[in-house]
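Look over the sequence and the fold below. Then read on for a short tour of its parts.

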Amino acid sequence: MDNKVYIFDTTLRDGEQVPGCQLNTIEKIEVARQLEKLGVDVIEAGFPISSPGDFNSVVEISKAVQNPTICALTRAVKKDIEVAADALKFAKRGRIHTGIGTSPYHIKYKLNSNEDEIVERAVEAVKYAKRFVEDVEFYAEDAGRSDNEYLARVVEAVIAAGATVINIPDTTGYCLPSEYGAKIAYLVNNVPNVDKAILSTHCHNDLGMATANTLAGVVNGARQVEVTINGLGERAGNTSLEEVVMAMKSHHDLDYRTGIDTKQIMKTSRLVSTLMRMPVQANKAIVGRNAFAHSSGIHQDGVLKNRENYEIIDPAEVGVKESSIVLTARSGRAALKHRLHVLGYEFEGPELDEIYQQFLDLADKKKDVADEDLEALAGSEKEKQDRSIKLESLQVISGSSTIPTATVAVSFNGDVFTETASGNGPIDASFTAVKALVKRKVHLEEFLIQAITRGSDDLGKVHVTVEHKGHTYYGFSANVDIITASVEAFLDAISKIG
């Protein structure tokens with residue numbers, strides 16, 4: 001059996017059914033283009049008959065992407081299929097995804113029907129869809145709770161009718177991995193014409209087993225997985241694309257391959273999270289902000305000695321630059337020394353012991369210790385006074401009807417130079433002026449603003465991370481004027497470039 005596993009992404013259909021996560025057509029196109037960069041094989045672009053917006057999204061996504069197959073969902077209803085076919089008319093490769101419920105619950109209570117009639121309706125829908133496209137996928141809704149013998153009967157009939165892909169959804173997330181894997185294996189071994197179609201998984205996470213069920217399906221013969229970015233989906237969500245792909249990639253003994261460019265995973269995750277206004281939980285596998293973060297001293301020491309001591313995935317494989325060493329009261333000397341080194345300080349022996357004790361005293365009072373705290377412990381105030389790059393003055397013009405413009409004066413070893421620039425906002429304009437002055441190609445990696453005090457006269461602190469020639473540099477400043485603090489932090493980072 002071919003070990004190629006096709007990635008069917010339904011973020012724009014099933015994932016978008018999450019309340020509050022709806023996207024407009026332009027946003028859907030942006031996601032679809034990123035999914036194409038990611039390397040998915042199929043994009044389920046919508047349910048065309050459900051609304052004019054969904055219809056238009058399928059049309060426009062079909063025009064916007066070249067490589068993935070564009071799929072449109074329907075019920076086993078002729079009108080649904082006709083509308084889907086119309087929406088797919090611009091697709092380079094179009095697929096109609098039609099189906100009907102096959103579990104006793106759906107047949108009796110949802111469809112008010114019987115097993116024989118369901119088979120007839122399923123076959124009729126597939127045959128009708130084949131009039132419009134060659135690639136027809138059939139879904140047996142609630143297959144997870146369907147009788148295996150009856151499910152095999154339905155699958156055999158729709159493959160004979162021309163279905164090219166058979167979707168076996170665990171619609172309610174009910175199955176255990178052993179059950180779901182056995183269901184796929186039963187179909188592989190008991191459907192005579194199963195070799196004429198690809199079996200597909202579509203698992204929900206109601207019991208937290210979507211990824212495990214999907215992998216069990218693949219091991220037992222499924223060669224398409226239906227997934228979403230960040231595991232978005234109705235109720236508890238769908239199977240996470242990133243989890244399935246990285247599980248297969250990490251387990252070399254499984255020998256499965258996909259077309260996914262895993263270095264695009266984090267970028268795709270963040271785009272979907274931003275556009276759908278659905279934050280990713282911190283401890284989410286692969287893409288959560290803590291997925292590669294270490295705060296325990298034992299773990300930190302192990303990771304610094306050899307990443308593979310506590311990480312089975314190289315962060316770079318999913319588009320994360322490096323592991324994060326988070327300093328807390330549980331951190332050890334190795335982590336503190338490493339972080340001080342990153343900030344430009346070198347301490348050994350008694351000096352390191354002294355600053356480590358001060359660090360522990362501070363860490364007991366705070367949840368975590370930030371870079372500016374370490375700067376203070378390491379005597380950063382003197383360093384700042386001695387620093388050769390210093391902000392002398394800053395003037396910003398900004399408003400709703402004005403192009404933001406900043407004039408920045410910076411001293412270099414006592415000589416003052418001035419530059420004026422415009423930008424998308426006052427901070428962007430200020431940073432553009434600074435970059436023109438320092439004449440160094442720096443890329444802003446991270447920009448974080450936090451309030452230290454409360455009220456309209458807040459003292460704001462700004463953290464900046466910049467990249468220059470493959471190296472990362474960190475800057476910090478605090479000021480009641482947040483734009484001034486931002487420029488000072490930017491200069492602080494730049495000043496550390498050798």
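Why is helix H10 largely enclosed by the rest of the structure? Eight of the eleven residues of H10 (residues 265-275) are buried, so the helix is largely enclosed. Buried means under 20% relative accessible area, exposed means over 50%, and partly exposed lies in between (1.4 Å probe, protein chains only).

## About the model

This is a predicted model, in which local features need pLDDT of at least 70 and side-chain atom pairs count only at pLDDT 80 or more, while totals for chains, interfaces and linings use all residues. Residues are numbered from 1 along each chain as its sequence is written, and side-chain values use heavy atoms, with hydrogens and water left out.

## The whole chain

The protein chain has 17 helices and 16 strands. Helices (H or I, at least four residues) and strands (E, at least two) are DSSP runs, numbered from the N terminus. The C-alpha atoms fill a box of roughly 85 × 55 × 40 Å along the principal axes. Of the 498 residues, 53% are buried.

The accessible surface is about 23200 Å². Carbon and sulfur atoms hold 49% of that surface. Such areas come from the Shrake-Rupley method with a 1.4 Å probe; for residues, only the protein chains shown count as cover.

Return to H10. Its buried residues include Ile265, Met266, Leu271 and Leu275. The buried residues of H10 pack against H1 and helix H9 (241-250). After H10 comes Arg277, with a positive phi near 55 degrees.

Helix H3 (residues 78-87) also has buried residues, among them Asp80, Ile81 and Val83. Their cover includes helix H2 (52-64), strand S3 (69-73), strand S4 (94-101) and helix H5 (115-130). Contact here means heavy atoms within 4.5 Å.

## Strands side by side

Strand S1 (residues 6-9) runs parallel to strand S8 (residues 224-227), and four bridges join them. Asp9 stands opposite Val227 in S8. S1 also runs parallel to strand S2 (residues 42-46), with two bridges. Two strands pair if DSSP finds at least two bridges between them.

Phe8 stands opposite Val42 in S2. From S1 the chain crosses through helix H1 (residues 25-38) to S2, a right-handed β-α-β crossover. Right-handed means that, with the strands pointing away from the viewer, the path from the first strand over the helix to the second runs clockwise.

## Charged pairs

How many salt bridges does the structure hold? There are 22 salt bridges. Each is a side-chain nitrogen of Lys or Arg within 4 Å of a carboxyl oxygen of Asp or Glu. Glu124 pairs with Lys78, with the closest N and O atoms 3.9 Å apart. This pair links distant parts of the chain: Glu124 is in H5 and Lys78 is in H3, 46 residues apart.

Arg145 and Asp142 form another salt bridge, at 3.1 Å between the closest N and O atoms. Is Asp142 buried or exposed? Asp142 counts as buried because its relative accessibility is 0%. Arg145 is partly exposed, at 27%.

## A loop residue

Asn205 lies in the loop between strand S7 (198-203) and helix H8 (210-219). Its relative accessibility is 24%, so Asn205 counts as partly exposed. Leaving out residues up to four places away in sequence, Asn205 touches Ala210, Ala236, Gly237 and Asn238.
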